[in-house]
Amino acid sequence: MKKHSTNLRVRLPALVFALEVMIVVLYIVFVTYDDQTNAFLQNNETKPLENAVYKDYPFFADIQVMIFIGFGCLLAFFRHYGFGGMAFNFLMATFAIQWAILIQGFFQFYDNGKIHLGVINLVNAEFVCAVVLISFGAVLGKTSPVQLLVMALLEVPVFAVAEWIVVKYLKINDAGGSILVHLFACYFGLGTTFILYRPSLNKGHSKECTSYHSDMLSVLGTLFLWVFWPSFNCALTLRGDDQHRAILHTFIGLSASTITAFALSAMLSKNGKLSMADVQNVTLAGGVTVGASVDMMISPGAAYVLGMLGCTACMLGYKYLSPFLAQKLRIQDQCGIHNLHGLTGLIATIAGICAILLASEETYGTSLYQTFSYRAPQEGDPRLAELQKLIPGLEAGLGRTAQEQALYQLAALGTAIAIAAVGGMLTGLVLKLPYLASPTDESCFDDEIFFNVPLHTNYVPELQVPVGSEMENKQVLAMECRT
Amino acid sequence: MKKHSTNLRVRLPALVFALEVMIVVLYIVFVTYDDQTNAFLQNNETKPLENAVYKDYPFFADIQVMIFIGFGCLLAFFRHYGFGGMAFNFLMATFAIQWAILIQGFFQFYDNGKIHLGVINLVNAEFVCAVVLISFGAVLGKTSPVQLLVMALLEVPVFAVAEWIVVKYLKINDAGGSILVHLFACYFGLGTTFILYRPSLNKGHSKECTSYHSDMLSVLGTLFLWVFWPSFNCALTLRGDDQHRAILHTFIGLSASTITAFALSAMLSKNGKLSMADVQNVTLAGGVTVGASVDMMISPGAAYVLGMLGCTACMLGYKYLSPFLAQKLRIQDQCGIHNLHGLTGLIATIAGICAILLASEETYGTSLYQTFSYRAPQEGDPRLAELQKLIPGLEAGLGRTAQEQALYQLAALGTAIAIAAVGGMLTGLVLKLPYLASPTDESCFDDEIFFNVPLHTNYVPELQVPVGSEMENKQVLAMECRT
Amino acid sequence: MKKHSTNLRVRLPALVFALEVMIVVLYIVFVTYDDQTNAFLQNNETKPLENAVYKDYPFFADIQVMIFIGFGCLLAFFRHYGFGGMAFNFLMATFAIQWAILIQGFFQFYDNGKIHLGVINLVNAEFVCAVVLISFGAVLGKTSPVQLLVMALLEVPVFAVAEWIVVKYLKINDAGGSILVHLFACYFGLGTTFILYRPSLNKGHSKECTSYHSDMLSVLGTLFLWVFWPSFNCALTLRGDDQHRAILHTFIGLSASTITAFALSAMLSKNGKLSMADVQNVTLAGGVTVGASVDMMISPGAAYVLGMLGCTACMLGYKYLSPFLAQKLRIQDQCGIHNLHGLTGLIATIAGICAILLASEETYGTSLYQTFSYRAPQEGDPRLAELQKLIPGLEAGLGRTAQEQALYQLAALGTAIAIAAVGGMLTGLVLKLPYLASPTDESCFDDEIFFNVPLHTNYVPELQVPVGSEMENKQVLAMECRT
C-alpha cells in the first residue's frame, strides 16, 4: 500500500475498532442510568407518565430527523458525491453523538464517578453533533471518512471545553445555539479548511457541480431542516411560554428569510433566474438569526426583521465574501458555512444582546428572573426571598445587570470563536498526517474513490446503437451490474 | 425588457419586497403574543407543562411536513418541472402562511386592536395554506412565481371571508375541512385555470410528462401526506374521544381508498398495468371523503365505505371527467384537483349531513352537545342548566335541530363554492395582467425559464464517442458545470 | 388471456374487491369503538387530555413513517424495480394493517361479540404489518401484487396464531419483537421463497442491480427506519422508565452497529471501498439485537456491545451465508432478511434470556414485578399482598422464577420459528397456484410488467444525433410521453 493510498480496507476498520473499544470501556466503567431511567429509583409515588422522557423524546426525534435526514440530503448536493454526502454524514453523526455523550457527560453530567444517562443527554449530544456536521460542510468532498472521524474525535472535546466555559462560567442566553453551535462550528470548520487548503481547487473542479436529481434531493434536506428547526431552537429552552415563543419566532424568522431568499436569488443572478443553491441554503438563514433571542419577548415583528436581515447577509456572503475568502485568504468553504452560520450567527448574537438590554420586569413580569436566570438576586440578597414568594422554586442567581450580561455575551462570542479557530486549525494539521486516506485533488467530489458505485450509464442500454461501435461496448459494460 | 418577458430579476424582488414591507408594518402595528406565549401573563400558578403549545405543536409539526414535504414532492411529478413543483410550493406555502396569520388574525383573533399570536394561529394558517396549495395544483407548470404570489395574495383574503361567514354565522361541522378546505380550494383553482385557459395545451405538450425519478419522488410526497393526514383531520377537533375518532376514521378511509386505487388503476388501464399517477393521487381520496364526519360516531365500517366511494369517484373523475372539462369547458385542471378534492369533497359533505341527521343522545350521550355544539340549548333555556349539571362548562348553543343543521351545512357548501368560483375567476383575470412573467405556451412545464438548471446530459460524459462528432461537442458542454 | 399471463386487469381487481367486501362485512358486523373512542362512554369526569390517544398516537405516527416511507424507500433499491418496491410496499402494508386489525381483534380485543377499536389496535396491527413487510423482502422482485396480497392474507392469521400462543400462554419479554416480529417474519419469508425457488436466478439476472439514484433513495429509507426505530422498540413497553430505557438502548445499539457496519464494509470488500448495500442494511442490525432486552436494566454498555455483535453477525451473513443459502439450500433471500432479522433475532433472544436470568430486586427494586410481570406472586400468595402495598395496582402474576422464564423464552423461540417456517412454506405453495400473475424469470426485478413506466431515455433527447439514424428514431419515441 502506498503512503497516500485512499484504500479504506485497513485504515477505516482500524480506527473504528479502536474508537469502539475505547467507547465500550468508557461506557462500562463510567456510564449508568439517570434517575428517570433507572428502574430501581421508581417507587409507588412515581407517576410513569411524568417521566422526563415524555418531555424530551419528541424534540429528540425531531432533531434526529434534522441531523440524519435533513443534513444527509442537504449535503448530497454534488452530482457525483451523493453517496459521500449522505453516508459520511450518517457515519460522522453517529460517531459524534456517541462521543459527545461521553465527553459532555464528563463535563456536565458527572456525579459520584458516573455519567448519568437519559434521553436529555442525547438531546444535548445532538447539539454537539450539529456542530460537527456544520464544520463538515467546510471540507465536504475533500476529506476521507477516516479524516472525518478524526475531525469529530477532536472537535467534540474542543467544543466541550468551550461549552463548559460558557455554560459554567459565563452563563449566557443562547437557546438556539447561535454562539455555541453556529459560530463555533463555523470557525472550527474554517480553521480546518484553511489548513487543508488545496490551491488547485480554486481553478474549479470538473466534478464540483450538481445534477437535477442531486439538487432535488438537497432541497428535500433543506425542507426537513426548515420544518423541524423550531424543535431545535426550543429543545433546550425553559418549558411553557419560553418554549412557545421559541417555536413562534423560529417559524417567523425562517418564513421571512425564505421569501427574501427567492427575491434575492432572482435579483442577484445575471439572467434573472433562480438558483437551487440559494433555495437550499439561504432560505434557512432566519433559523440562525433568531437563535440567541428566540425565547425572549422580542415581538413577532422583530423575528420577521431578523429573518430578512439574516437572509440578506447570507446571500451577500455567498455572492461576494465566499469567493474572496477562497481566492485571497485560502479559506475554501465548500458549503458556504461562513454565510449560513457565521454571518447569521453574528447577527443573532447582536440581536440577543439588544434583547437582553431591553428586557425588563415591565415586559416579562417575574418571569424575567427565570428566562434571564443570572439576573435573579444572589443567595443572601433579601430581594431573593421576596421573589421566591412570587415564583416558588426560583433559584438564586448572580445578580447581574443587563449591561453586565451584555459583556458576558460578548465574552462568550470571543471565547467560542477563539477556541474554535485555534482548535480547527490544529485539527487541520492532524488531518494532514499521512495514512488518513486523504483524496488527491483530482479525486475530490467523487464517490468513486470511497464507494463501489453502480455504473453511471443508467439509461443508455435502452438506446440502439450501431453494432461494433464504441458505444455498443459501453452498453455491454453497462449491463454488468455490481454484485 | 419586453412586455411579456419571463425574466424575474426585477419583478419577483419588487413584489416580494413590497409584500415584506407590508407584512412587517402589519406585524409591528397589529401583532402581539397571546396569553399562552406572553411571559408577563405567567404567574406562580401557571404550570409550564400545561401551556397550549404542548397540545398544538405536535399537530403543527405534522402538518408542516405535509405542506412543505408532502405537497412539495407530490407536485414535483413533471419530468422537467421538479424544481418548479418543489420550490414554488416552498415559496407559496411560506408566503401563504405569513399572510394567513395576518388576515385570519383580523377576522378571528383580533382583540383590543391586536392580533394575538400563538402556535394555534399557525395551525389555523396552515389550513389556509393547504387551500392555496390545492388551488396551485390546477395551474401547476403554467404560472410564474410572480403570478403564484399574487394568487396567494388574493386567495387568502377571499378564503378568510368565506371562512368567517361559515364559522361565525353558519356554524357547521367540518373538522377535516371538506367544505372549507377541499371544495373551496378546488373551485377557486378551477375558476383561476378557466380564465388562464391555453387552447394549445389541449393538444398535448412535449414536456407534460413524468420520468422514472420524478414519479418516485412524487409517490414519496404522497406517502408523507398519507401518513400525516390523520393529524390534519384531527388538528381542530375537540380533544379526547373526538380527536381519537378522527384519527381512526382518517386512517381507515385512507386505507380503503388505497387498495381500491390499485384495483381500479389496473382495471381501467388498457394494458392491465398500474399507473403511478393513480398511486400518487387516487390513494389519498379517502382522507377527504371522511373529512366532514371524521369526528362523529359514524362507525369504522362507514369510514371504510367512504374511503372506497371517494376513491372510485376520484378515479372515474381522472378517467372521464378531467378530459371532458379540459376539452369542452376550457378548464385545464393540471393535477386533477377536481377529482381529488372536488368530487370527494361533495361526497364528504353529503356523508357529513347524513351523520348529523343520525346523531342522537342514544349514540353520543351528553357529548352530543359538545361535538354538535349548535344543538346545545340557547341561553335562558331551562334545559341548558340541566345539561350543565352533567357537563360542567358546557356553553350555550343555538338550539338547532339536526334537520335545521343539515340546511346550514348545505348553505355552507353553496357559500364556499360560490365565493371560491367567483374569487378564482377574478384572480385569474388579475393573473392575466402583463408584467407578471407568465410563461409562454411553449415554455410551460419547463424549469429552464425560471431556474438555472444543471445540464441534463447527466451521465453521457462517461460515454466514449468518436472524436469531432456532434456528440463530443455536447460532452464538452456537459463538463461545464453551473457555478 | 393465457394461463400464466401477468396482466392485472382482472386478477388484481377481482381479488381486491373480494377482500374489500369481506373486510367491510366483518367491520360492520364485528367492529365497534373502544372505551377511549366512544363518545357515549365519556362523562363529566372524563378528562379529554387523559385520553389514551395522546399516549399512543405519537408512536403510531412514527411507526407509520417507518412502514410507509422507511420500508418503501429501502425496498426501492433495485435499478428497474423502484415502482415495485415502493408501490407494492404501500399496497401490502395498507392491506396488512386492515387485515391485522380484524384478525388480531378476534384473538386479542374481542369482547361481548365485538372487536373494540382505538389507536392502540392500530399500533398492534403495525407490528403485524412489519412482519409482513420483512417477509416481503425475501421475495422482492419475484412476485406479483396479486401474490403479495395473498401472502399478506395468509401470513397475518398464521402470525396471529403464533402471537396468541406466545402472548396468552407463554407470556414472554420481547418488547422490540425480536422473536415475534423479526424471527417469525424471517422464517416465514424464507419458507415462502424456498418454495418459490427459481434456479435460473442463481446465475444472476441482468436487472438485479442498483443505480446511483436507487441507492440514494434506499439509504433515505434506512435513515427513516434508523431515526424512528426507538419508537418502534418502545411503543409496547410499560410507560415511564421502561420506555425511557427502550429508547436509550435502541439508539445506542443502532449507533454501535452503524459505525461497525462502515468499518466491516470497507474491510470485507475486495478493493477497500464501501458498499451502499451495507450502509442500507447492516447499519440497522443493532435495532434488532437490543430488541428482546430493550426495556431491561442491561446497562448502556451492554446495548453498545449488542449493537456491535448484531452488526458483525449480519455482515458476515450477507457475505458468506446468503450465497450459501441460495446455492445450496435453494433459499433465495432477496433482501437478506436472514441476516438482518434472523441472525440478529437469535442474538437478541439469547441476550434477552441472559438479561432475564440476571434480573433481580437489587437492580430493579419492586419494578421487577412490573417489567417481568410473570414473576409477580400468584393470586392467593401472601407475598402478593405485601408487594401490592408497595406497588398499588400490581396484578397477580404467575410466580415464575427467572430460570423457568428462560425456558418459556426458548419455547416461544421454537414456536415462532416452527409456525413461521411451516406457514411460510404452505403460503409458498399457494403462491404457486396459477392465475396469480407470477412474473416469468426474465421479467423479475422489472417494473415494466406491472407498471406503465415512463420512457427510460431521460436525457438523451438533448443530444444532437445524425438525422435519420437509429438514435434519432429513439429520440422521437422519447418525446412521446405517457398520457
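How many salt bridges does the count come to over all chains? The count comes to 18, where a salt bridge is a side-chain nitrogen of Lys or Arg within 4 Å of a carboxyl oxygen of Asp or Glu.

A quick note before the views. This is a predicted model, where local features need pLDDT of at least 70, side-chain atom pairs count only at pLDDT 80 or more, and totals for chains, interfaces and linings use all residues. Residues are numbered from 1 along each chain as its sequence is written, chains are lettered from A and ligands numbered from 1 in the order in which they are written, and side-chain values use heavy atoms, with hydrogens and water left out.

**View 1. A salt bridge joins A:Arg198 and A:Asp441.** Here the two side chains meet at 2.6 Å, N to O. The partners come from distant parts of the chain, 243 residues apart. A:Arg198 sits in the loop between α6 (178-195) and α7 (212-234) of chain A, while A:Asp441 sits in the loop between α16 (402-431) and α17 (470-479) of chain A. Helices here are DSSP runs (H or I, at least four residues), numbered from the N terminus.

**View 2. Helix α5 (residues 145-170) of chain A crosses α16(A).** Their axes come within 10 Å and cross at roughly 160°; axes are lines fitted to C-alpha atoms over the stretch in contact, and angles run from 0 to 180 degrees between N-to-C directions. That makes α5(A) roughly antiparallel to α16(A), a label for angles over 145 degrees. The crossing is right-handed, meaning that the near helix is turned clockwise from the far one by less than a right angle. The contact residues split into 14 nonpolar, four polar and no charged. For that sorting, Ala, Val, Leu, Ile, Met, Phe, Trp, Tyr, Cys and Pro count as nonpolar, Asp, Glu, Lys and Arg as charged, and the others, Gly among them, as polar.

**View 3. Over in chain B, helix α2 (residues 53-74) packs with helix α3 (residues 82-108).** These axes come within 8 Å and cross at roughly 150°, which makes α2(B) roughly antiparallel to α3(B). The crossing is right-handed. Look for B:Phe68 and B:Phe71, which are among the α2(B) residues that meet α3(B), where the partners include B:Phe90 and B:Ile97. The tally is eight nonpolar, five polar and no charged.

**View 4. In chain C, helix α6 (residues 178-195) packs against helix α12 (residues 337-358).** The angle is about 140°, with the axes 9 Å apart. That makes α6(C) oblique to α12(C). This crossing is left-handed. Including C:His182 and C:Tyr187, a set of α6(C) residues meets a set from α12(C) that includes C:His341 and C:Gly345. The contact residues divide into nine nonpolar, eight polar and no charged.

**View 5. Chain C meets chain A.** The contact takes 81 residues from chain C and 78 residues from chain A. About 7,100 Å² is buried between the two, with 70% from carbon and sulfur atoms; buried area is the accessible area (1.4 Å probe) that two parts lose on being put together, summed over both. On the chain C side, C:Tyr212, C:His244 and C:Phe251 lose the most area to chain A, together 11% of what that side buries. Salt bridges between chain C and chain A number zero.

Terms used. Helix = DSSP H or I, 4+ residues; strand = E, 2+ residues; numbered from the N terminus. Parallel < 35°, antiparallel > 145°, perpendicular 65-115°, else oblique. Contact = heavy atoms within 4.5 Å.
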